[in-house]
Amino acid sequence: MIDEKTTVLKITDLHKSFGNLDVIKGVSMEVKKGEVIVILGPSGSGKTTFLRCLNFLESAQKGKIKIDDIEIDCAEKGVGRKKKVTELRKKTAMVFQNYNLFKNMTLLKNVMEGPITVQKRCREEVEIDSKKLLAKVGLGDKEDYYPSQLSGGQQQRGGIVRALMLNPSVILFDEPTSALDPELVGEVLNTMKNIADTGITMMVVTHEISFARNVATKVIFMADGNIVEQGPPSQVIDNPQNEKTKKFLNLISEK
Ligand SMILES: Nc1ncnc2c1ncn2[C@@H]1O[C@H](COP(=O)(O)OP(=O)(O)OP(=O)(O)O)[C@@H](O)[C@H]1O
Ligand SMILES: [Mg+2]
């Protein structure tokens, strides 16, 4: 059967090193619209670096990144590169482990900031949309709170709304629940599931296996800067083939 879904993200032979430490060693993958990719892998395998390269918080030295119809050759230099990076950065939004909300701004201001300053959207319209989305994730009564007055789970749901407000083609999540107290993990995962259900394309680094099993369309296992195994959760999680995947899954199931 021909898959007619559009490709949102295409990565070809991506390489990233820090000094002489090779961290991403030739990763290629394709993500279709509405897919939820869960990335698993041991600490130091390059998961965060990979997401940061896709969001241009880090610049990869080699390889191609294509989002929607814009492609950049990472080795490219000069003015053309800068313009493309600016365009590509608008196509992704990142949800960080430590929420990264601005401490001196209320929750509402935090989620309105990007669309107004970066996207130059009309303030009134952004405010209406922000309030709607905050209410949707159960934060309708917290708009005027500062981050320090919110629980970790509330801050992270705010972080997710902030990402959504940028209307990105792909949302990148880097261990969004790992800084949370265990009792707050569920509410954030639930919010993420609801977002996935709306058809938004997501790439999620997480160790939450049940989320991967229930929500992921594809699981990628990364080790030592490469994708060593990938497939539907039923395959990668329940019937892993690679020794490194097996070892990792055994380790986290013991926790
Ligand atoms: N800015 C940097 N400068 C130098 N080395 C870095 C930098 N960022 C990451 N690294 C190195 O790159 C490797 C991969 O790090 P990365 O944070 O991508 O791993 P990870 O898979 O996200 O790990 P974790 O599960 O612990 O978050 C590590 O060896 C790390 O020390
Ligand atoms: Mg990481």
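## Leu9 and its partners

In strand E2, Val31 is the bridge partner of Leu9. In strand E4, Leu9 has Ile67 as its bridge partner. Strands (E, at least two residues) and helices (H or I, at least four) are DSSP runs, numbered from the N terminus. The model is predicted: local features need pLDDT of at least 70, side-chain atom pairs count only at pLDDT 80 or more, and totals for chains, interfaces and linings use all residues. Residues are numbered from 1 along each chain as its sequence is written, while chains are lettered from A and ligands numbered from 1 in the order in which they are written.

## The sheet

Four strands make an open sheet with antiparallel pairing, in the order E2-E1-E4-E5. Two strands pair if DSSP finds at least two bridges between them. E2 and E5 (70-73) are the edge strands, each pairing on one side only. On average, neighbouring strands are turned by 10 degrees against each other, direction ignored. Axes here are lines fitted to C-alpha atoms, for helices over the stretch in contact, and angles run from 0 to 180 degrees between N-to-C directions.

Strand E1 (residues 7-18) pairs with E2 over nine bridges in the antiparallel sense. E1 also pairs with E4, antiparallel, over five bridges. The hairpin of E1 and E2 has two residues between the strands, and in it Gly19 takes a positive phi near 60 degrees. Phe18 stands opposite Leu21 in E2.

## Helices on the sheet

H1 packs on the sheet and touches E1, E2 and E4 (62-67). The direction of H1 makes about 60 degrees with that of E2. Helix H2 (residues 79-89) also packs on the sheet, touching E4 and E5, and its direction makes about 130 degrees with that of E5. Residues are in contact if their C-beta atoms, placed from the backbone, lie within 7 Å.

## The shell around ligand 1

The residues around ligand 1 are Phe18, Leu21, Val23, Gly41, Ser43, Gly44, Ser45, Gly46, Lys47, Thr48 and Thr49. A residue is near a molecule if its C-beta atom, placed from the backbone, lies within 6 Å of it. Strand E2 (21-32) and helix H1 (47-54) each supply at least two residues of this shell, and H1 gives the largest share, three residues.

By class, the shell has three nonpolar, seven polar and one charged residue. Ala, Val, Leu, Ile, Met, Phe, Trp, Tyr, Cys and Pro count as nonpolar, Asp, Glu, Lys and Arg as charged, and the others, Gly among them, as polar.

## H3 against H4

The axes of helix H3 (residues 107-118) and helix H4 (residues 123-136) come within 9 Å and cross at roughly 130 degrees. H3 is therefore oblique to H4. Angles under 35 degrees count as roughly parallel, over 145 as roughly antiparallel, 65 to 115 as roughly perpendicular and the rest as oblique.

Terms used
Contact = placed C-beta atoms within 7 Å.
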